[in-house]
Amino acid sequence: MVHWKIKYKFFVQGIITSAILYSCDVTKPYVNKQSAPDNLYGNTVKDTTSIATLSWKEIFKDPLLQQLITEGIENNLDLKTAVTNLKVAEANFVQSKQAFLPSLSGNASGGEYHPSNSQAANNQVYQLYALSSWQADIWGKLRSTKRSMYASYLASEAYKQAVQTQLVANIAVTYYQLLAYDEQLKIVQQSLEVYSKDTETMKVLKNSDVVTGAAVVQSAANYYAVKSTVPDIKNNIRQTENTISLLLGRTPGPIQRDSLFNEQMYSELSTGLPTQLLANRPDVKQAELQLRSYFEQVNVAQTAFYPSLTITAQGGLYATQLKSFFSAGAFLANIVGGLTQPIFNNGLNKQKLKIAQANYEAAEYNYNKILLTAGQEVSNALYQYQMVDEKTSSRQEQIANLEKAVHFTKELLKYTSATNYTDVLTSEQSLLSAKQSAVTDKLQQLQAVVNLYAALGGGWK
């Protein structure tokens with residue numbers, strides 16, 4: 001018996017030693033080969049400075065907007081859900097680490113023992129023992145599982161950051177949209193005052209036989225046409241306020257705000273190198289970490305083709321009489337090592353491996369798509385800002401000339417016959433449209449800054 005135990009000991013040691021030597025061929029180390037092309041933004045960038053590294057408080061100077069963003073980060077329900085998911089991922093990672101530890105269970109029992117010989121007397125049996133089991137991580141299955149869970153945990157953390165980045169951007173964009181609606185309403189109300197005076201003027205000019213009754217009714221029609229847009233703008237304002245309230249995790253209500261043309265834009269729009277997206281943009285980080293997690297799942301699937309070694313230890317007390325239960329002879333202990341080799345399960349294991357490999361391949365495609373999408377968003381935001389900037393001066397000149405045109409046509413209508421009310425009406429409508437376009441230009445410029453900041457990965461720091 002002694003010789004058998006010695007042989008068994010060396011047999012197990014040999015198995016473990018051999019497994020350690022060959023386990024490196026079963027699981028492969030993950031190598032991050034992901035990179036961003038230099039022309040990811042559509043042109044080559046050499047400046048390493050990126051606004052993504054700045055806090056959102058440095059980008060958005062409006063104190064009222066800062067208060068809204070702070071409230072949103074504290075109360076937004078999507079962000080709270082992401083935090084909860086992060087806790088789940090953390091628990092899964094901790095659980096994967098605990099798999100390296102042996103399990104331990106205990107049992108205590110007492111009762112009658114009935115021998116197979118029915119004529120024998122019944123005996124009492126008392127037992128108290130502990131059972132421990134430990135699986136040797138020969139092929140790296142547990143290590144790969146732990147690395148996969150850790151990558152998933154980090155991916156969940158990156159997802160939380162991505163949710164916050166999008167939340168900050170959504171609050172800022174919606175806030176600016178609300179200011180734009182306020183400005184549109186202000187312009188319309190100012191125009192209504194002008195058009196109301198125009199109608200009164202047309203009545204006076206009609207009585208003086210300068211214009212006909214058609215000019216009076218056209219003037220009134222113009223007034224009511226503009227007035228009919230007020231309910232739509234007010235409805236847009238209410239819905240936008242409600243959208244912001246939802247982002248803040250509060251019930252619908254008014255939003256305290258400034259005015260559109262008081263907003264200061266952050267003008268130093270540096271993008272940094274495309275490779276910096278890999279560290280700054282949370283969804284890109286998340287995609288790479290998911291890729292890493294699926295890579296480790298391929299390793300786990302590979303280990304299923306190899307035998308597993310489980311060592312079980314049992315120790316405790318066993319006696320047929322209670323008075324001898326704690327005697328030295330009642331103590332029993334044993335250690336057993338067992339190898340389990342899959343035989344008829346290879347078909348299932350092969351399919352599991354194929355699934356793991358397909359998941360990894362899909363994660364790789366997903367990563368590339370997210371990276372290209374990020375580059376597109378940066379390029380679009382930059383170009384949008386540049387184009388709005390180009391037309392700003394032209395828009396100002398347009399408004400200035402239209403204001404003169406309105407003034408001149410009104411004066412000509414009063415004192416000469418060189419024009420008619422149609423010219424006045426056309427110039428007024430053109431001026432109103434140009435002012436509304438100026439509001440849109442300002443909004444697009446502000447939103448372009450927000451979009452660029454979010455596209456580069458800013459907002460979660």
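**View 1. At what angle do helix α6 and helix α11 cross, and how close do their axes come?** This is a predicted model, where local features need pLDDT of at least 70, side-chain atom pairs count only at pLDDT 80 or more, and totals for chains, interfaces and linings use all residues. Residues are numbered from 1 along each chain as its sequence is written, and side-chain values use heavy atoms, leaving out hydrogens and water. The axes of α6 (residues 213-227) and α11 (residues 421-455) cross at roughly 15° and come within 10 Å. Axes here are lines fitted to C-alpha atoms over the stretch in contact, with angles from 0 to 180 degrees between N-to-C directions. The two helices are therefore roughly parallel (angles under 35 degrees).

**View 2. Who touches whom between α6 and α11.** Look for A215, Q218, S219, N222 and V226 on α6, in contact (heavy atoms within 4.5 Å) with Y421, T422, L425, E428, Q429 and L432 on α11. That's five nonpolar, five polar and one charged residue.

**View 3. Helix α3 packed on helix α5.** Here α3 (residues 63-75) meets α5 (residues 141-207) at about 140°, with axes 10 Å apart. On the α3 side you'll find L64, L65, L68, I69, G72 and I73. Their α5 partners include L167, I171 and Y175.

**View 4. Inside the largest nonpolar core.** Such a core is a set of buried (under 20% relative accessible area, 1.4 Å probe, protein chains only) Ala, Val, Leu, Ile, Met, Phe, Trp, Tyr and Cys residues joined through side-chain atoms within 4.5 Å. Of its 68 residues, I51, F60 and Y176 touch the most other members. Helix α5 gives the largest share, 17 residues.

Notes: Helices (H or I, at least four residues) and strands (E, at least two) are DSSP runs, numbered from the N terminus. Buried means under 20% relative accessible area, exposed over 50%, partly exposed in between (1.4 Å probe, protein chains only). Angles under 35 degrees count as roughly parallel, over 145 as roughly antiparallel, 65 to 115 as roughly perpendicular and the rest as oblique. Ala, Val, Leu, Ile, Met, Phe, Trp, Tyr, Cys and Pro count as nonpolar, Asp, Glu, Lys and Arg as charged, and the others, Gly among them, as polar.
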